[in-house]
Amino acid sequence: MSNPDSKPIGPGDHVFLVDGSSFVFRAYFQSINQDAKYNYRSDGLPTGAIRLFSTKLYQFVREGAVGIKPTHLAILFDKTEDTFRKEIYPDYKGTRRDPPDDLVPQFPMMREAVRAFGLEPIEKDGFEADDLIATFAVEAEKAGADVLIISSDKDLMQLVSDHVQFYDFESGTKGRKGYRPERRIDVDGVIDYFGVPPDRVIDVQALVGDTSDNVPGVPGIGIKTASALIKEYGDLKTLLDRAEEIKQPKRRETLIQYADQARMSKQLVTLDRDVESDTPLAATRVGELDAERLIAFAKAMELTTLVKRVGEASEIDPNTVDADPRLKSEKLHDATYAARLMPSGKTEDEPAQAVAETVPDKANGALTPASQAASAAGASLSPPIDTSGYETIADGAALAAWIDAATERGRVALSVEANGADPMQADIVGIALATAPGKAAYLPLGHRNGETDLLDPGLLPGQVPVDAALAALKPLFEDPAVLKIAHNLKPTRLLLARHGIDVVPYDDTILLAYTLDAGKGGVGLAELSERWLQHVPIPRKELTGTGKSAIGFAEIPIDKATAYTAESADMALRVWMNLKARLVPEHMTNLYETLERPMVPVLARMEERGIEVDRQSLSRLSGEFAQKLGGLEDEIHQLAGEPFNIGSPKQLGDILFGKFGLPGGKKTKTGAWSTGADVLDELAASGVDLAARILDWRQLSKLKSTYTDLLPGFIHPETGRIHTQYALASTSTGRLSSYEPNLQNIPIRTEAGRRIRTAFVAPAGRKLISADYSQIELRILAHIADIPELKQAFAEGLDIHAMTASEMFGVPVEGMPREVRNRAKAINFGIIYGISAFGLSNQLSIPREEASAYIKRYFERFPGIQAYMDAMKTQVREHGYVETLFGRKVHFPQIKSGKPAERAFVERASINAPIQGSAADIIRRAMIRMEPALADAGLSARMLLQVHDELVFEAPDEEVETSLPVIREVMARAAEPAAWLTVPLQVDAAAAENWDEAH
C-alpha cells in the first residue's frame, strides 16, 4: 500500500503516526472484555488482540479519523528497552510487569498484520516508538504537512503544535451502544490537561514523574502543583535555580533536595526528535490496498468479519483467496517460531531473521514480550474519560434499560453516594452504574433544594423515588450471573444491606490494587486513575466546597453529581479491567480470592453489629482523668518552678533546655527545641522527674481527649452501640486498621487504658469473649527462621522469654531475676523489628556497647535468625518486596532511594514485614472461617471487633462454654492447610461482663 518512490511530503498531506506498541496492549485488554469465542482461532491460538488491532488499522486506512483520511500512515513499535534512557537511568521502565500469556504469541503477529496492509512496521534499536514519532512529526511539520499522532501516551503531547495534533485511537469506534466520541487534542487541549502549553509539558513531566515508565520526578508534586510552578517560574531550570525563593517550606526543601532527580527526569521524558530512521517518511505514503493479501492474512487468523468487510469493499470473493499458509501453522503457538516469519514468507525451515530482531533476548537487557509489562496496566486500556457523555437516569423506564444492559453485559460497576460518611446512619443520595468504559449513568435519588422541612422534603424534580429505585435494583445487585464492581465496596455493601440488598458476586478495585501493589502507593480511586489511566478525576471538593462553606452531596446540582459519580463508576470499571487481568500472570489470584475479597462481608457484618458501651462509665472516667490531669499540671508547674502551657512544645522546650539546660536538646528547622516522646523518654530514663511527669500528662490527656470525651459521640442513637469501621487496605502488611472511632489503639498495658476497656460491655444475658493469639509473631519467626530451640520451647509451652534468657545468659529458669527476663523479652521482640544496638540501649537504659554485645550473643545462640534477616535484606534489595507465608507481597520501592538512612530503614522493615504480614493473614483466615464454624456448631456467638491479634465476640450466657473451644480451634488452625506451621499457635480466650475483664 505504501510507495517508497512516491513524491516528497508537503503541504496538503496528512500524516498519521500510530503508536503501535501502545496500540497492541490496548487491543488486547479490550479484547479480553469481549466474548471469549472471538479471541481464539479454532486451533486455540489467541487472536483477540490481532483482531481488534487489524480492525482499527483497517478503519484508519478506509475511513481515517476525525474526518481526515491519511496520505501517509506509519505504524511504529518499540524494539528494545535497551535505549539511551537506560544509560541515563538504569531503572527506567524497571517496574514493568510481564504481559499475559495469551498476548505473548500475538506480538510478532501484529507486525505481520501491518505487512498485510502493505505497510512496513517501523522500529529502531536504541530508541522507543515515541522517539520515532517525534522525529517523523517534526519532519512532516517542517515540510508543511499536518500530523495526527495516534496514541494514548500523554508523553507525546509535548509534540502538539498548530500542525500536529494528538488523537486517542480508542475514540471514534463503534461500541455496543453506538459511537464513542472522537477525541482530538490540540494546543488548547494540552493546556487543559497539563496546565501549560506543549513546549513546557516536559518541564511539568519532569516534576511529576511517570509511574508506568518509572520516571522518578519529584516526590509529592502532582500535575496541578507542577503546572502552577512552571507557569510562575517559566521553565524547570529557572524553577530549580530559584527554588530557595519558594515560600512553602516543604515544597522548597523537596525541590532543592530532588533538583538533580528532576533534571534527570526531564532527560528521560524529552523525546529525541532527530532519530535516523531506516524507513524514510516519504515511504509511508498510502497507496492501493492489496485486498487479496489482506484477506489471506485475515483468513489465516480466522478474522471472519474483516474478511467479509475487505471482500465487500474490494468486490473480491474471499472464497477465491487462500489463507496465508505461513500463518496457519500450529507452531504459531510458539512465539519464537512466529517471530521468524518474514515478508518473503520464510519460516524456520528457511533462512530467517534472527529471533532477537522481533523477540529480543531479555538476558541481554533488551525487550522481550514478557518485559513489556507496564503497558498492560497503563492508560491505553480504555478510551478517554469524557464526563460530558454520561447520562442522568430520570425515570423508571430509563433505569430499567440500564438494568437490562447490565444484566446482558454480565457485569456492572457501581458507585453509591450518601449524605454522610457513616454507612450505619447515612441515606442514599444517588447511585451510578457503568456497563462499559465511557458508558455510565447516574441515578439521583435524594438531591434537595436545601430548604427541607417536615412538610416539604425539598426533593428536586427528575428523580426516581428511593424505594422504587432500590426495588428495581435489588434483583440486579443480587443476581449471581452479574458481577458487581466497586471501589471500596464495604461501606456501600453495608449501606445497601440496611435496605435489604445483598451485593453478590463482587470485585473490589481497592482490594485488587492492594493485593497487587501494597506499599507502592495510594490505593484511592483518584490515585489509581492517575497512575494507571493517566486521568485526573473531578476533585470532590470542587462540588462540595471545603470548611465552613462546604455543602452536603445532596445539595449538589444533579448535572454536576452525574459527572462526578458516573465518572467514579466508569473509573472503577476501567481500573478493574486493568488490575483483574494481572492476578493470574502475577500469581495473586489465591491471595485476592481467599484473604482479601471474603473479608468484605465479614467486616461489614461486624461493623453493623457494633459493640455496647456504657456512656455513664465513660463520663465518670472523663471526670476522673480531668482531676488527675489537674494534679499532674500542678506537680509539673512546681517542678518547673513556674506555670506554663504544658501542651506547647515551644514553652516546654524553653523550660527543659533553655531554663534548666538539660542535655540532649536539639532544635528543629523552625528553631524551636525538639520535645518529642523520644527526647522525653531519654530524659525520664536519666532521672529527670519533670520529663517523666510530662509523659504521664501527655498519655492521660490523649486518652481523655481521644476516648473518654469523644467515644460517647460515636454511640448510635438507635442501636446504642459504637459501630467502628475497618480499613482493609491501609497498611502494607495486611493488618486491619480501625477508624471512626479507632478502637485498636486503646492501651492494654496501662491502668488508664484498661479502665477505658471496662466501659465496653455486654448487654444483659450475654458475655463478651476475648480471644487473643499468644506471642504469634515470635512463633512465626521461629517457624520461618527454623530455630530449633524456640520451636521446642513453644511446643513444650515454656516461658519463651525466660528460655531465651537462660540460653543467652546461662541463668537457670527457676528463680530467674525479673530484670534478666525483661532483657531477653526486649531482645526477642526487638529482633522482629530489626532493632539496632542504639535502640536496644535506649529501651533497656544500658550502654550501647552492652546492647551490641547482647544482640551479637543472641545471633550466635540462634544463628537461623541472622540468616533469615540477611535473606530478607537480599530479597528486598533484589526484588523490591518480601512475602508472607501466604504469598502476600509487601513492596518497598524506597529500597532504591539514594539516601542510605532510608534504605537502612527499609531493610529493617523488610525483616518484620513477612512476620507481621503472616500474623495478619492468619487472623484474616480465622475471621473468614469463624462465622461458618460457629453456625455449624449451632452457636449464636457474634464476632464484634478485631484488634491486631485479638478477636472480641458477644455470646449468650448459656453458650459461652461451648463457644470458647470452637473459637480457639478455628484460630489455632487458621493457617492450615495453606501453611503447616512447625510451631503451635496458642489462643488465650476468656469471657466476662466487660472487655477488660475478658482479656
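Guide: In this predicted model, α17 passes α23 in a right-handed crossing. Helix α17 spans residues 489–497 and helix α23 spans residues 599–609.

Visitor: Which residues make the contact between α17 and α23?

Guide: From α17 come Leu489, Lys490, Arg493 and Leu494. From α23 come Val600, Pro601, Leu603, Ala604, Glu607 and Glu608.

Visitor: Let us turn to the aromatic rings. How many aromatic pairs are found in the whole structure?

Guide: The search finds 13 aromatic pairs.

Visitor: Why is the pair of Tyr193 and Phe194 called edge-to-face?

Guide: Their ring centres are 4.8 Å apart and their planes stand at 70°. Centres within 6.5 Å make a pair, and planes over 60 degrees apart count as edge-to-face; the pair is therefore edge-to-face. Both Tyr193 and Phe194 are buried.

Visitor: What makes the pair of Phe553 and Tyr564 tilted?

Guide: The centres of these rings are 5.9 Å apart and the planes are at 50°. Stacked requires under 30 degrees and edge-to-face over 60, so this pair is tilted. Phe553 lies in the loop between α20 (540–544) and α21 (558–580), whereas Tyr564 is in helix α21, 11 residues apart.

Visitor: How do you know whether Phe553 and Tyr564 are buried or exposed?

Guide: Buried means under 20% relative accessible area. Phe553 has 3% relative accessibility and therefore counts as buried. Tyr564, at 11%, counts as buried too.

Visitor: What makes Arg757 a charge over the ring of Trp995?

Guide: The charged end of Arg757 is 4.0 Å from the ring centre of Trp995, and the distance limit is within 6 Å. Arg582 lies over the face of Trp532, at 5.7 Å from the ring centre.

Visitor: Why does Asp786 count as partly exposed?

Guide: Exposed means over 50% and buried under 20%. Asp786 has 45% relative accessibility, so it counts as partly exposed. Asp786 is found in the loop between α29 (776–785) and α30 (788–795), and its phi is near 55°, a positive value in a residue other than glycine.

Methods:
Residues are numbered from 1 along each chain as its sequence is written. This is a predicted model: local features need pLDDT of at least 70, side-chain atom pairs count only at pLDDT 80 or more; totals for chains, interfaces and linings use all residues. Side-chain values use heavy atoms; hydrogens and water are left out. Rings of Phe, Tyr and Trp (its six-membered ring) pair if their centres lie within 6.5 Å; planes under 30 degrees apart count as stacked, over 60 as edge-to-face and the rest as tilted. Buried means under 20% relative accessible area, exposed over 50%, partly exposed in between (1.4 Å probe, protein chains only). Helices (H or I, at least four residues) and strands (E, at least two) are DSSP runs, numbered from the N terminus. A charge sits over a ring if NZ of Lys or CZ of Arg is within 6 Å of the ring centre and within 35 degrees of the ring normal. Axes are lines fitted to C-alpha atoms, for helices over the stretch in contact, and angles run from 0 to 180 degrees between N-to-C directions. A crossing is left-handed if the near helix is turned anticlockwise from the far one by less than a right angle, and right-handed if clockwise. Contact means heavy atoms within 4.5 Å.
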